[in-house]
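Me: I am new to this structure and would like to learn how to read its pockets. Could you walk me through it?

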Amino acid sequence: MQAVSDEVGASPREVPEHLSYTSRPALMTAVVLSLVLLSFAMYGWYAIGKEIRDQITWIQAATLLFFMFFMIGVMLSVGYSRLWANADGVTVRNGPILRRYPIDQIAGVRLRKGDAWSSLLIKGGEGLKRKPALAIQSLEGEEGQRKLVELRRWLVEHGATSRDVTLRPEDEPPQQDDVD
C-alpha cells in the first residue's frame, strides 16, 4: 500500500494495490426481481389449470422456460456488475459486457448529481468518452461517494491524468448561468 494525503497537513491515507466494487443495491434489486419473476411464472403455470397445461407441448414449455431464465440471467448479470482496478488497468463488467481500460487511457471518474451510476472518462481521439461503471451508483449514498473518492485516489496514484485532454462542450460542467 502507498500513502496519499488528501490535504496539506492531513494524515496520509493508504491506497490499496487493487480495488474491487459491486453495487449492493443493484445486486439486491436483481435478486428480488428474479425471485418475483420466478414466483409469478410458477404461480401462472399452476393457475392456468391442468386441462390447459396438458395442451402445451414440450417445445412451447421449453420456449417459455428459456425466456424466463434468459430474463433472470440478464437481471442477475446487471446486478453483479463489477469494477476491478489493479496494475493491469481498470476492468468494468456491466451485465454481460466486460471492458478493460489501461490506466493511461483513463482521465478520471465522474458521478454527477442526477447520474444513476458513475462513468469512467476515457481519453479518445475526439476528447473524452464516458463509459458507464454500474458498480458505483448514486443510490448507494455515502458508500457510493466513498467508493468514488477511493477510486479517484487510486487512479491518481497509479498515473491516470486528464492534463493532455481537451474537453468538448458537452463534457464541461455547466456554468451557473446555464442552470435553470
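Reply: Happy to! This is a predicted model, where local features need pLDDT of at least 70 and side-chain atom pairs count only at pLDDT 80 or more, while totals for chains, interfaces and linings use all residues. Residues are numbered from 1 along each chain as its sequence is written, and side-chain values use heavy atoms, with hydrogens and water left out.

Me: What does the secondary structure of the chain come to?

Reply: Helices (H or I, at least four residues) and strands (E, at least two) are DSSP runs, numbered from the N terminus. Here there are 4 helices and 9 strands, in the order β-β-β-α-α-α-β-β-β-β-β-β-α.

Me: How is a pocket found, and what volume does the largest pocket have?

Reply: Rolling a probe the size of a water molecule over the atoms shows where empty space is left. On a 1 Å grid over the protein atoms alone, a pocket is an open set of points where a 1.4 Å probe fits, with protein on both sides within 12 Å along at least five of seven lines. The volume is the space filled by probe spheres set on the points, joined across faces, edges and corners; for the largest pocket it is about 320 Å³.

Me: Which residues lie nearest its centre?

Reply: Lining residues have an atom within 4 Å of a point. The largest pocket has 14 of them, with Ala-41, Met-42, Trp-45, Leu-65 and Met-68 nearest its centre. Two elements, α1 (24-47) and α3 (58-79), each give two or more residues to this lining, and α1 gives the most, with 7.
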